[in-house]
Amino acid sequence: MPRLKGDLASAIIVNPHFVQLNVPDGGFGSELDAMVQFCLEHGEEFRIACFRQIDQRDCILFCFRDSKNAAEFSRRFGGEIYAIPSHDDLFFP
(Lines give C-alpha, C1' and ligand atoms only; values in the text may rest on other atoms or scores of the structure.)
Protein backbone atom coordinates (compact mmCIF):
# COMPACT_ATOMS: atom_id res chain seq x y z
CA MET A 1 0.00 0.00 0.00
CA PRO A 2 1.42 3.44 -0.89
CA ARG A 3 2.49 5.72 1.93
CA LEU A 4 3.05 9.44 2.13
CA LYS A 5 6.69 10.36 2.23
CA GLY A 6 7.80 13.06 4.63
CA ASP A 7 6.11 14.46 7.69
CA LEU A 8 2.35 13.86 7.66
CA ALA A 9 1.89 16.45 10.42
CA SER A 10 3.05 19.19 8.03
CA ALA A 11 0.17 18.29 5.71
CA ILE A 12 -2.44 18.92 8.42
CA ILE A 13 -3.43 22.41 9.46
CA VAL A 14 -4.98 22.78 12.91
CA ASN A 15 -7.53 25.60 13.08
CA PRO A 16 -7.16 26.66 9.44
CA HIS A 17 -8.16 30.11 8.22
CA PHE A 18 -9.85 30.40 4.84
CA VAL A 19 -10.13 33.24 2.34
CA GLN A 20 -12.76 32.97 -0.37
CA LEU A 21 -12.12 34.65 -3.71
CA ASN A 22 -14.36 34.82 -6.76
CA VAL A 23 -12.59 33.42 -9.80
CA PRO A 24 -12.59 36.10 -12.51
CA ASP A 25 -13.67 35.24 -16.05
CA GLY A 26 -10.54 33.88 -17.70
CA GLY A 27 -8.92 32.96 -14.37
CA PHE A 28 -6.51 34.89 -12.14
CA GLY A 29 -3.77 35.31 -14.75
CA SER A 30 -0.61 36.92 -13.38
CA GLU A 31 -2.45 37.70 -10.14
CA LEU A 32 -2.01 34.03 -9.25
CA ASP A 33 1.77 34.56 -9.33
CA ALA A 34 1.33 37.41 -6.83
CA MET A 35 -0.78 35.13 -4.60
CA VAL A 36 1.91 32.45 -4.62
CA GLN A 37 4.58 35.08 -3.88
CA PHE A 38 2.49 36.41 -0.98
CA CYS A 39 2.38 32.92 0.54
CA LEU A 40 6.13 32.43 0.15
CA GLU A 41 6.90 35.83 1.68
CA HIS A 42 4.64 35.15 4.68
CA GLY A 43 5.86 31.63 5.45
CA GLU A 44 2.65 29.97 4.24
CA GLU A 45 2.35 27.04 1.89
CA PHE A 46 0.19 27.73 -1.15
CA ARG A 47 -2.91 25.69 -0.26
CA ILE A 48 -6.24 25.66 -1.99
CA ALA A 49 -9.02 24.21 0.12
CA CYS A 50 -11.72 23.68 -2.50
CA PHE A 51 -13.66 25.12 -5.38
CA ARG A 52 -17.26 26.20 -4.88
CA GLN A 53 -19.96 27.74 -6.99
CA ILE A 54 -22.10 30.54 -5.56
CA ASP A 55 -24.76 32.28 -7.63
CA GLN A 56 -23.36 30.88 -10.89
CA ARG A 57 -19.85 32.18 -10.00
CA ASP A 58 -16.84 30.00 -9.32
CA CYS A 59 -15.13 30.62 -6.00
CA ILE A 60 -11.97 29.21 -4.48
CA LEU A 61 -10.93 28.89 -0.85
CA PHE A 62 -7.30 29.55 0.06
CA CYS A 63 -6.10 28.00 3.32
CA PHE A 64 -3.76 29.68 5.84
CA ARG A 65 -2.18 28.68 9.13
CA ASP A 66 -1.99 32.25 10.45
CA SER A 67 -5.13 34.39 10.78
CA LYS A 68 -3.12 37.59 10.21
CA ASN A 69 -1.85 36.27 6.90
CA ALA A 70 -5.39 35.29 5.91
CA ALA A 71 -6.67 38.78 6.75
CA GLU A 72 -3.86 40.49 4.82
CA PHE A 73 -4.35 38.15 1.83
CA SER A 74 -8.06 38.95 1.90
CA ARG A 75 -7.43 42.71 1.88
CA ARG A 76 -4.78 42.54 -0.82
CA PHE A 77 -6.65 40.30 -3.26
CA GLY A 78 -10.24 41.34 -2.53
CA GLY A 79 -11.28 38.16 -0.76
CA GLU A 80 -13.58 37.41 2.10
CA ILE A 81 -12.70 35.54 5.29
CA TYR A 82 -14.67 32.30 5.34
CA ALA A 83 -15.48 31.00 8.81
CA ILE A 84 -15.88 27.29 9.48
CA PRO A 85 -18.85 26.61 11.80
CA SER A 86 -16.83 24.28 14.07
CA HIS A 87 -13.34 22.79 14.29
CA ASP A 88 -14.75 19.37 13.45
CA ASP A 89 -16.73 20.45 10.40
CA LEU A 90 -14.51 20.79 7.36
CA PHE A 91 -17.27 19.85 4.95
CA PHE A 92 -18.48 22.85 2.99
CA PRO A 93 -22.08 23.45 1.94
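Predicted model: local features only at pLDDT ≥ 70, side-chain atom pairs only at ≥ 80, totals over all residues.
Leaving aside residues up to four places away in sequence, Gln-20 is in contact with Arg-52, Ile-54, Cys-59, Ile-60, Leu-61, Gly-79, Glu-80 and Tyr-82.

One of these partners, Cys-59, is itself buried, at a relative accessible area of 1%. Gln-20 can also be related to Ser-74, which stands 54 residues apart from Gln-20 along the chain, with a separation of 7.9 Å between the two C-alpha atoms.

## Cysteines

The number of disulfides in the model is zero, a disulfide being taken as a pair of cysteine sulfur atoms within 2.5 Å. Cys-39 takes part in no disulfide, and the cysteine sulfur nearest to Cys-39, that of Cys-63, lies 9.9 Å away. Because buried means under 20% relative accessible area, Cys-39 falls into that class with its relative accessibility of 1%.

## A nonpolar surface patch

On the surface, a nonpolar patch is formed by Leu-32, Phe-46, Ile-48 and Phe-51, whose accessible area together comes to about 370 Å². Within this group, Phe-46 is placed in the loop that runs between helix H1 (31-41) and strand E2 (47-54).

Definitions and conventions
Residues numbered from 1 in each chain as written. Heavy atoms only, no water. Buried < 20%, exposed > 50% of the residue type's maximum accessible area, 1.4 Å probe, protein only. Contact = heavy atoms within 4.5 Å. Patch = residues over 30% accessible without salt bridge, like charges linked within 9 Å, V, L, I, M, F, W, Y side chains within 5 Å. Areas by Shrake-Rupley, 256 points an atom, 1.4 Å probe, with all protein chains shown as cover. Salt bridge = Lys/Arg side-chain N within 4 Å of Asp/Glu carboxyl O. Helix = DSSP H or I, 4+ residues; strand = E, 2+ residues; numbered from the N terminus.
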